[in-house]
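I kept the entries in the order in which I checked them.

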Amino acid sequence: MVLLMAKISLSLASNKNQFSQLYLKYKWPLLIALLAIVVNIDTLLYGFTFDDPLVLSNNKYVQEGIGAIPKIFSNTNMEGYNGEKESNYRPLSIGQFAMEYSLFGKNPTGFHFFQLVYYGLACALVTLFLLMLFKSLPLWVPLSMALLYTLHPLHVEVVANIKSRDEIMGLIGILMTMILLLKEKKPMLHALFLGLAACIAFFSKESALPLVLAGPAVEYFFRSQSFTNIVKACWPIWVAAAFYLFMRQVIAATPGPDFRLEENALFVFTGPERWFAALGLVSHYLQLFLCPITLRADYSFDQLQLRGWTDPWSYLGSGITLLALWMILKGFQQRSIYSFALLFSMLFYIVTANLIVMTGATLAERFMFIPSLGLIIVLVYFIFKNIAPQISVQMRTVLIGILVVGCGVRTIVRNRDWVDNETIYRVTARDCQNSVRAQTKLARSMYDEAILPQNAALKSKYLADGMAVIDRSLKIHEKFALTHYVRGLMFKEQNRYQDAINALSRATQLNPSSSTYPMQAGLCYGYLGQDSLALLQFKLAETKGSGSPITFHELARLHYNRGEYKTSLNYYLQVLNINALDVRALTQVTKIYRDNLNDMTKARIYNERLMKANTGK
């Protein structure tokens, strides 16, 4: 008995010792992960905002839960939202949303909880990666880098907007890959884990693809490997990239979407002037990184006031780019930390820089989520090499403390702007007076408020305020289809149906591919009693791919009024394919079978379904 107790005591002591060693090894990543969660803890109370409906709250695949994961991996992002195939293939984050939907339904708190967990994990990996890279430097250097990255206000959008899970998971995959490259290798098992980590990065977002070069850069700069050894170490990354590109080619539409000027202000330029204007974004990004006071959720046309050949920001950006390239090349052979950090930033920035391919945004803070890590390495290493030796330890601590605390406070304050759609739209419209999208989105938010059940005076105020915002949008850019669409919706809500039809027709002219605009015009013609014109608009919406129950309901109603009962029946059945418990469709189907087609058997079948739908059983 004594021997048994002694063995147990030794075992417990051994386990305690192992736990202590594990804690000492990973305490800094764990503490910084905890800090990342605490600083952003308010987001647990936030709702769905901005593009969350596209990939989450209104995505039918996500709402099917975990069972829809095969569909998610075999379809593009927007197919679950509007059925349209496009070029974005980022199934990993949407698959996560489906699993979380199975747990939480449409409660945003659950999704924000996991957003915090994954951000905490990303910051822990950042810390571990930096500790491994700079193990020969004083501990305060990598820890200061990790703290600044974790607390930098540029990252608020990524944490607060659930849609940006793709950015977080992309970084997690990138860091896991690089950490594995820095560890001692067991050939087969290492290759497997390396390939899986790279797949996490690539299947999260295509902007992680520069990992195919960043991985070898880690081997070259920090392990001093030869070309042959780099190839031996990195081939699983390249295989993973090839697999992702193959899947993307098979599943996604190519070429990508036809972006417009209102989304990306660079479309106002052509040829070399567009590239020169794009270099101006480098200086805008650097200003946001160094002085993150004027953060915005929208930088589309014409917020940045890009002016091409006459824009001083472009000349400054060109100079910064040339300096960075010179520093990369100058320090490459010496394996300089500046060279690696700037190369890292440049590789992951170039994907969204609007230099190689045009993106759906002029500039976005989320685009700096990964590249900012390299900039933070440059900043802190510069302090370590050039400022810290000239000042006392206390002064150095104060300097780093000011940077860290300043970033933390700004992050907490900025977080509050993302509490819900109405708040972020109002803040963005206030701060982005020259952005046509910011103004239009605020107007749409006001329209959404106006159609909620409320008294007539409040509804009228929302619509009047929304119309004033629409007028501002039109002054910035008259050819934004969404502005005219929202204007048409407001006219419709004011019972000004002909004005609504005119606005919706203009929206259709500017964006002929939309099925929503003619559908709304059809509703307005119906309110005016012009059924023939209404039918034409709904047919147009159908031919453009509208799968909306509203379209099918109206087509069914109009054909029924024309005595075309079988055609009407087919449309009502399409409604039931979308929602088998649609009471209005079940009522009409029962009526058509009973009164118009004299099919009493089917009339009884649908009548039974109708009774079940009414009782909720």
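**Entry: Pro 549.** I looked up Pro 549 and found it partly exposed, because its relative accessibility is 32% (buried means under 20% relative accessible area, exposed over 50%, partly exposed in between, with a 1.4 Å probe and protein chains only). Pro 549 sits in helix H26 (helices are DSSP runs of H or I of at least four residues, strands are runs of E of at least two, and both are numbered from the N terminus). Leaving out residues up to four places away in sequence, I get Val 575 and Ile 578 as the residues that Pro 549 touches (contact means heavy atoms within 4.5 Å). Pro 549 and Ile 578 are 29 residues apart in sequence, and their C-alpha atoms are 7.3 Å apart.

**Entry: ground rules.** The model is predicted, so I note that local features need pLDDT of at least 70 and side-chain atom pairs count only at pLDDT 80 or more, while totals for chains, interfaces and linings use all residues. Residues are numbered from 1 along each chain as its sequence is written, and side-chain values use heavy atoms, with hydrogens and water left out.

**Entry: whole protein.** I count 29 helices and zero strands in the protein. The C-alpha trace spans about 85 × 80 × 50 Å along its principal axes. Of the 617 residues, 52% count as buried. Among contacts between residues at least 6 apart in sequence, 69% join residues at least 24 apart.

**Entry: helix H28.** Next I took H28, residues 583-596. Its 14 residues should span 20 Å at 1.5 Å a residue, and the end C-alpha atoms are 19 Å apart, which agrees (the expected span is 1.5 Å times one less than the number of residues). At the start of H28, a side-chain oxygen of Asp 582 comes to within 3.2 Å of the backbone nitrogen of Arg 584. The buried residues of H28 are Ala 585, Leu 586, Gln 588, Val 589, Thr 590, Ile 592 and Tyr 593. Their cover includes helix H26 (549-561), helix H27 (565-578) and helix H29 (600-615). Asn 598 follows H28 and has a positive phi, near 55°.

**Entry: helix H6.** I ran the span check on H6 too: 14 residues at 1.5 Å a residue should span 20 Å, and the end C-alpha atoms are 20 Å apart, which agrees. The buried residues of H6 include Pro 91, Ile 94, Phe 97 and Tyr 101. The buried residues of H6 pack against H2 (52-57), H3 (60-63), H4, H7 (108-133) and H10 (165-182). Gly 105 follows H6, with a positive phi near 65°.

**Entry: cavities.** How many cavities of 30 Å³ or more does a search of the whole structure find? It finds four. For the terms, I work on a 1 Å grid over the protein atoms alone: a cavity is a set of points where a 1.4 Å probe fits but cannot get out, a pocket is an open set with protein on both sides within 12 Å along at least five of seven lines, and lining residues have an atom within 4 Å of a point. Grid points are joined across faces, edges and corners, and a volume is the space filled by probe spheres set on the points.

The largest cavity holds about 70 Å³. Among its lining residues are Glu 167, Lys 205, Arg 366 and Phe 367. By class, that lining has four nonpolar, two polar and three charged residues (Ala, Val, Leu, Ile, Met, Phe, Trp, Tyr, Cys and Pro count as nonpolar, Asp, Glu, Lys and Arg as charged, and the others, Gly among them, as polar).

The second largest cavity holds about 50 Å³. H4 (69-73) and H6 (91-104) each supply at least two residues of its lining. Pro 91 and Ile 94 are among the lining residues, and both are on the buried list of H6.

**Entry: second largest pocket.** I get a volume of about 670 Å³ for the second largest pocket. Of its 25 lining residues, Leu 286, Ile 320, Ala 324, Leu 342 and Leu 375 are the closest to its centre. Helices H14 (271-290), H15 (312-330), H16 (337-349) and H17 (371-387) each supply at least two lining residues. The lining has 23 nonpolar, two polar and no charged residues.

**Entry: Ser 314.** Ser 314 lies in H15. Not counting residues up to four places away in sequence, Ser 314 touches Phe 276, Ala 277, Leu 279, Gly 280 and Gly 308.

Technical notes
A polar contact is a pair of N or O atoms within 3.5 Å; within protein, one must be able to donate a hydrogen and the other to accept it, and residues adjacent in sequence count only if both atoms are side-chain atoms.
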